[in-house]
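Please read them with the coordinates open.

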Amino acid sequence: MLHSIKKMISGETIELKQLNKVVSKINALEESFEVKNDLELQAYTDIFREKLNNGVSPEELIIEAFAVVREASKRVLGKRHYDSQLMGGAVLTQSHIAQMQTGEGKTLVATLPAYILGTHGKGIHIITANEYLATRDFEEMKPLFEFLGLTVGLNVSGLVTEEKKVAYNCDITYGTGTEFGFDYLRDHMASNKDQLVQRPLFYALIDEVDSILIDEARTPLIIAGKSNSSLNLFPIMQMVINSFEDKKEYDFYPETKQIVLLDKGADQLEEAFGIDNVYDSEHREFMHIAMQSLRAKVVMRKDVDYIIKDGNIMIVDPYTGRVMEGRTYSDGLHQAIEAKENLTLKEENNTQASVMIQHYFRLYKHVSGMTGSALPSKEEFWETYNLRVTEIPTNKPNQRLDMDTVVYKTYDEKIEKIVTEIQKYHEMRRPVLIGTTSIEQSEKISTHLKEVGIEHSILNAKTEEDEAEIISNAGQLDRIMIATNMAGRGTDIILGNGVPELGGLHIIGTELHSSARIDMQLRGRGGRQGDPGSTQFIISLEDELFHYYDEEEFEKYQNKIKTDEFGLIVSPNPIKFVYKVQNVIEGMHYSSRSHLLKLDDINNDQQKVIYTYREKALNIDNMPALIESALQERFYNLVEEIPELNSENNTNEYSLNEIIDEIKIMTMLTSKNESILASLDKENRDQLTKTLEDVYNNALEVLNDTDTKDNLWNDLQSIYLETIDRYWVDHLDNLNHLREGITIRGYGQEDPYRLYSFDALHLFNEMLNSFFRDIIRYFLQVNATKDAE
């Protein structure tokens with residue numbers, strides 16, 4: 001009753017009633033569509049396309065369009081959309097999130113909004129968690145879309161430019177979020193228009209939307225270049241850092257994974273390297289390497305965050321437990337870990353282009369998504385992406401039994417209970433899936449099962465294909481499988497013969513994740529499409545989750561607890577406490593994502609400016625206008641410096657010299673009015689302004705006298721792009737260093753975000769001013785050389 005009242009207050013009941021009405025209308029058309037021949041059915045695509053082009057909204061077409069897709073699917077795929085799938089499709093068409101349980105057929109749901117919006121011809125991107133799923137869904141659904149007259153493409157890594165263009169020019173394109181994001185970055189590093197592959201970003205439909213928009217949100221997509229800069233310093237730094245201890249040389253805050261260097265630590269660095277003050281600006285790179293080395297020592301854990309394979313550091317995805325092939329930590333962290341593990345150091349990666357997942361998907365005009373676990377993060381979806389979450393009822397009643405979480409005082413007592421439970425269910429021949437939070441935990445559980453002679457498999461596949469095949473067989477008789485909580489996400493576990501009669505798949509969670517959504521995903525492995533099943537989390541107070549909780553509060557709770565003879569906590573209410581801890585930790589992660597988003601909003605705004613310059617420069621006809629804009633911007637920037645010259649409190653000798661040098665160089669490059677240099681009065685503001693105006697007007701005359709069809713524009717286009725890219729890469733590096741100090745600056749009285757915004761803008765304006773200076777001088781030099789010839 002209470003749950004129903006809450007749903008009415010939140011508006012969910014009203015929305016579900018509306019969705020049911022839509023479904024009823026679609027169902028009412030089913031018989032009339034069944035008697036239509038293929039050509040009659042296919043003709044609707046052109047009808048919908050014309051209506052959309054005439055301003056009809058996609059929502060107005062849902063009833064007829066869904067009826068068309070359902071009938072086409074029955075004929076082509078032999079699959080009929082359930083009513084619940086139609087409801088999910090309606091939510092997605094409205095650019096919202098549909099929460100649908102595992103096994104509800106989300107792949108087929110995606111065909112509904114993809115068809116309606118695909119008839120626009122503007123490009124629909126269907127985003128999956130990995131390339132295996134993208135390829136699988138593409139191959140399975142392609143015949144349906146092609147029957148309806150839409151083109152379908154697959155965008156995966158390894159395709160050449162022309163292949164990617166073909167994929168992107170299709171009405172519907174399947175792929176992963178990372179590949180779409182990297183293509184966006186590569187397009188904005190292109191040196192000519194022929195290298196561009198993406199069209200304007202129109203509609204993204206994201207499967208496992210919480211994984212991509214929230215779990216991966218803190219990880220930026222980065223395209224990096226190689227650099228040997230300071231490579232030899234890492235092993236030496238690691239030798240010094242290795243002796244540092246928490247609370248002595250540094251403070252470590254586990255809940256946010258922040259590290260603060262203390263005075264004693266700074267003193268030791270200065271003594272070891274013969275430096276007077278490590279915080280001087282000239283030692284910025286040195287301090288960056290020191291902090292990355294400290295991070296490698298304190299934060300990064302072997303067999304949890306990374307593994308060592310064939311002498312290489314391999315990153316482990318914290319949510320799937322899968323090794324991320326070809327990925328490296330950026331900004332020197334990878335080299336710091338290599339030094340920590342005494343491995344051969346590889347060349348450092350320097351960021352050349354980057355974008356946060358959050359910002360990339362906010363570039364789309366429309367975004368929607370599906371997942372089985374969106375509700376716990378509905379506020380974040382709304383605040384960050386303006387996406388509403390609607391819970392869709394299951395096609396069949398859920399018969400899975402979710403048992404209460406049990407909490408033990410120690411890890412050993414927890415393990416004893418887990419092994420006992422596995423033995424109990426194994427004797428019944430029921431399949432058991434044991435979910436862990438890391439590869440390290442999986443190995444530990446495996447060791448305990450071997451000790452008691454329980455045969456089992458451990459999911460640690462190298463590829464998504466292997467992983468999907470292994471996890472799909474987890475529901476067979478007698479099967480005992482250990483896997484990270486998110487392994488094989490997107491793959492259904494189908495029960496073997498005789499398993500439903502025994503009670504279905506039993507799932508044991510060995511730790512609570514820092515996000516309740518991940519725990520929901522593990523529970524959702526069982527009970528698909530009305531199957532029987534059961535789940536239970538068996539945890540202890542020594543689990544990693546509690547390491548991030550407030551020490552004082554945790555100690556208070558530990559002093560109160562009472563246990564039975566097996567170490568099971570019976571009071572105070574352990575379930576209430578552990579979910580409070582999980583909620584607090586989840587809140588901290590949300591705050592961390594919000595923190596990064598605030599900082600990255602500033603970076604993103606600057607990146608948009610740079611990308612706008614690049615996009616214009618890719619069209620050779622725009623080059624004269626870009627040079628004129630550079631002349632104007634450079635002139636105004638210099639004029640702004642002149643009022644400071646006569647200020648009693650701010651005599652800026654550097655600005656004065658820069659202005660005088662600018663007048664001299666511009667006069668020399670334009671070869672006009674050299675006599676003005678003889679009468680320059682450094683103390684006369686009006687004269688300096690007038691002289692600057694004269695030399696820039698001379699440059700404008702040169703520009704206006706240059707034939708727009710002259711070959712020099714081809715050379716200038718290339719230099720323009722190379723120069724702006726070089727400055728942008730350096731600027732990204734400066735912003736990274738600026739961000740590192742924001743936590744310390746927050747201890748002052750001023751808002752650290754405001755300070756960061758101010759400093760980042762100052763750096764950006766300086767960077768742009770230097771870029772304008774260089775490109776103007778290059779134009780004038782090339783033009784002068786051409787005239788001399």
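1. Basis. This is a predicted model, in which local features need pLDDT of at least 70 and side-chain atom pairs count only at pLDDT 80 or more, while totals for chains, interfaces and linings use all residues. Residues are numbered from 1 along each chain as its sequence is written, and side-chain values use heavy atoms, with hydrogens and water left out.

2. Helix H19. H19 spans residues 378-385; helices here are DSSP runs of H or I with at least four residues, strands are runs of E with at least two, and both are numbered from the N terminus. Its buried residues are Glu 380, Phe 381, Thr 384 and Tyr 385, where buried means under 20% relative accessible area, exposed over 50%, and partly exposed in between, using a 1.4 Å probe and protein chains only. Viewed down the helix axis, these buried residues of H19 fall within an arc of 100 degrees, so they line one face; the arc is that of the directions from the helix axis to the C-beta atoms. Glu 379 and Glu 383 are exposed on the other side. The buried residues pack against strand E1 (97-99), helix H13 (209-215), helix H18 (357-361), E13 and H26, contact meaning heavy atoms within 4.5 Å.

3. Ala 374 sits in the loop between strand E12 (366-371) and H19. Its relative accessible area is 0%, so Ala 374 is buried. Not counting residues up to four places away in sequence, Ala 374 touches Ile 97, Gln 99, Phe 381 and Val 389. The C-alpha atoms of Ala 374 and Glu 208 are 9.0 Å apart, although 166 residues separate the two along the chain.

4. Nonpolar cores. Which residues have the most contacts inside the largest nonpolar core? They are Leu 213, Phe 361, Phe 381 and Leu 692, in a core of 76 residues. Helix H32 (residues 752-788) gives the most to this core, with ten residues. Another core, of 52 residues, lies apart from it and includes Leu 41, Leu 52, Val 152 and Tyr 174. A nonpolar core is a set of buried Ala, Val, Leu, Ile, Met, Phe, Trp, Tyr and Cys residues joined through side-chain atoms within 4.5 Å. Leaving out residues up to four places away in sequence, Leu 213 touches Phe 361 and Phe 381, among others including Ile 206, Ile 357 and Tyr 385.

5. Salt bridges. A search of the whole structure finds 41 salt bridges, each a side-chain nitrogen of Lys or Arg within 4 Å of a carboxyl oxygen of Asp or Glu. In one of them, the closest N and O atoms of Arg 634 and Glu 662 are 2.8 Å apart. Arg 634 lies in helix H27 (residues 623-641) and Glu 662 in helix H28 (residues 653-670), so the pair ties together parts 28 residues apart in sequence. Arg 634 is buried at 1% relative accessibility, and Glu 662 is buried at 1%. Salt bridges that share partners also join Glu 30, Glu 34, Asp 38, Arg 70, Glu 71, Lys 74, Arg 75, Arg 80 and Asp 83 into one network.

6. Glu 34. Glu 34 counts as partly exposed because its relative accessibility is 41%. Its side chain meets that of Lys 74 in a polar contact of 2.9 Å; a polar contact is a pair of N or O atoms within 3.5 Å, where within protein one must be able to donate a hydrogen and the other to accept it, and residues adjacent in sequence count only if both atoms are side-chain atoms.

7. Backbone. Most residues other than glycine have a negative phi, and most peptide bonds are trans. A cis peptide bond joins Ser 571 and Pro 572, with omega about -15 degrees.
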